[in-house]
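Here is a short briefing to read alongside the model. Take a look at the fold first, and then we can walk through the details together.

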Amino acid sequence: MRRSLASRGADGGTNTEGSERTRAADALHRVAGRVGHTVSRLGSLWREAPVRARDGSSLSAEDVSRFLRDCGAVLCRAGETTQRVEEVIVKLGARYGMPRVHAFVLPTGVFVRIGDGPGATMDFTPVRMDELRLDQIGELYEFLDELLHERLVPPDEGRLRLAEIDARQPRFPTVLRIAGYVVLTVGLGMLTYPNPMALVGYAALGLAVGVLRELVVGPLRLFSLALPVVAAIVVTVLAYRFSGPLLGESATKVIIPPLLAFLPGAALTMGTMELATGSLVSGTSRLVYGVNVLVLLAFGISIGAQLMTEHPVPAGTHLPSFGAWAAWAGAVLLGMGFALNSSAALVTLPWLLTVLLVVETVQQIGRALGGTSVGAFLGGVALPLIARVVEQWRSAPPAQVTFLPAFWMLVPGSLSLTGVGELLAGHESDGLLTTVNALLTVVAVALGVMVGASVLHGGGSVELADSDEGEGEGEAAQQR
């Protein structure tokens, strides 16, 4: 009996000690849980504090819609397609916690609606026609990437940031920007007709057009609409007068490269891309705009040809063209000219040249395999891929900064203008053939860019990285 009691007492002591340990472990677990929850809340607050208006109140749909429409307008000026601009607006609206953000984007205006029904907020802003420089595009995409993936800012602060980007002065003085345009012109000449004496003509005529572009500022900006015609007249008169006697080249060989700032190849190609994706109004308007610019330039060339009779080329003065290396030299000059003329940061120049050289190499391989159209298609496929690969490096610029110059290099604006000019000059058969070839190349480039972009993103053009947040619901405009 005594042993039995002793045994019972020992068991009771063991149970008491076990229960105390269990209670201590539970208490420690609860304390650890509370500490972990507190740390987690502090970490979330540190990562992203609630976004509020400047006066401390909660965000209003009106403030957010104004910011979203301004973002859309600036993206249009940065060369984005309307479909991609709509996607970015919807993602930003979701990041700001807005219910059901709808976007309707045209090349000339941006509509944003937040919510449905009678209480929905609607806003609109027109899109200015002047395009952003490369330095402004780089800063814009860095700001949007910050909004989509890192830290949000109040809408009024975001609008101020956009205004600062828009008002930023060019990085380089006027003389360097004009010099950049001259280098651009020579680079395009190396890609089209690389003749030693023709390069002198490219440089001289590029200088004349560069000075004209820089003069049309301030009060003279009203004449910017007529600038393509005036530039075409000046270039044609000078080429007809001096190209033959001084350069030993036909005037038609040196007229097109100096007019590169006005060539609508990008508008024609983007219009074709938007038509292919169902953006009927946007695509049609871009195509009509591109054709209108071609007609204006051809009209200026026609007037210049009537004002000045072409002086003949003296016999025996023609020099042979450069070799196959001229195309890569032209791509390098094109990149350097873009960097100077568009005020790109100098650290972006190596990356820009890399993209241009790779795309030109792919295009040359395609031409060797199957002709101009195959080369244009393969170059279009490679362009968004290499631009996105380059963007991943720490010191590289956003993809759009390298995409736009290389995209411009691919599009055959010069072929289009040559064809229209020949049609107006009376060479119907040659002009029609050149125009048809240019249109086929436009289609090839557009299809190639869409294929290359779809490999990366499932459709669309060069994009910002996808947001990890909810994207909200957007209203797809089937007939923009």
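In this chain, residues 24 or more positions apart account for 74% of the contacts with a separation of 6 or more. Please keep in mind as you read that the model is predicted. The chain contains 17 helices and 3 strands, and buried residues make up 46% of its 480 residues.

**Nonpolar cores**

- As background, nonpolar side chains tend to be buried together in soluble globular proteins.
- The largest nonpolar core here has 58 residues, and the members that touch the most other members are I255, L259, V359 and L383.
- Helix α15 gives this core its largest share, at 7 residues.
- There is also a second, separate core of 40 residues, with F67, C71, I114 and L148 among them.
- To see the surroundings of I255, look for V235, T236, A239, Y240 and I301, which I255 touches when residues up to four places away in sequence are not counted.

**Helix α15 and its partner α12**

- A pair of packed helices is described by the angle between the axes and the distance between them.
- Helix α12 spans residues 326-341 and helix α15 spans residues 399-410; the two pack at an angle of about 135°, and their axes are 11 Å apart.
- That angle makes α12 oblique to α15.
- The crossing of these two helices, α12 and α15, is right-handed.
- On the α12 side the contact is made by A331, L334 and F338, and on the α15 side by P405, W408 and M409.
- Sorted by class, the contact of α12 with α15 holds 6 nonpolar residues, no polar ones and no charged ones.

**Helix α15 and its partner α4**

- Helix α4 also packs with α15, at an angle of about 145° and with the axes 8 Å apart.
- From α4 the contact uses L134, I137, G138 and Y141, while α15 brings Q400, V401, L404 and P405.
- This contact of α4 with α15 divides into 6 nonpolar and 2 polar residues, with no charged ones.

**The α10 and α11 pair**

- Helix α10 (residues 265-276) and helix α11 (residues 280-307) pack at an angle of about 160°, and their axes are 7 Å apart.
- The two helices, α10 and α11, are therefore roughly antiparallel to each other.
- Which hand does the crossing of α10 and α11 have, left or right? It is left-handed.
- The α10 residues in the contact are A267, L268, M270, G271, T272, E274 and L275, and they meet L280, S282, G283, T284, R286, L287, Y289, G290, V291 and L294 of α11.
- By class, the contact of α10 with α11 has 9 nonpolar, 6 polar and 2 charged residues.

- E139 sits in helix α4, which covers residues 134-149.
- Is E139 buried or exposed? With a relative accessible area of 18%, E139 is buried, because buried means under 20%.
- Leaving out residues up to four places away in sequence, E139 touches R161, I165 and R168.
- D63 belongs to helix α2, residues 61-77.
- D63 has a relative accessible area of 26% and is partly exposed.
- Although D63 and D156 are 93 residues apart in sequence, they are 7.1 Å apart in space, C-alpha to C-alpha.

- Most residues other than glycine have a negative phi.
- R100, a residue other than glycine, has a positive phi near 50°.
- You will find R100 in the loop between α3 (82-95) and β1 (101-106), and its relative accessible area of 34% makes R100 partly exposed.
- S343 is not a glycine either, and its phi is positive at about 60°.
- The loop between α12 and α13 (349-370) holds S343.
- At 0% relative accessibility, S343 counts as buried, whereas R100 is partly exposed.

Conventions:
Residues numbered from 1 in each chain as written. Predicted model: local features only at pLDDT ≥ 70, side-chain atom pairs only at ≥ 80, totals over all residues. Heavy atoms only, no water. Axes fitted to C-alpha atoms, helices over the stretch in contact; angles between N-to-C directions. Helix = DSSP H or I, 4+ residues; strand = E, 2+ residues; numbered from the N terminus. Parallel < 35°, antiparallel > 145°, perpendicular 65-115°, else oblique. Left-handed = near helix turned anticlockwise from the far one by under 90°. Contact = heavy atoms within 4.5 Å. Nonpolar A, V, L, I, M, F, W, Y, C, P; charged D, E, K, R; others polar. Core = buried A, V, L, I, M, F, W, Y, C linked by side-chain atoms within 4.5 Å. Buried < 20%, exposed > 50% of the residue type's maximum accessible area, 1.4 Å probe, protein only.
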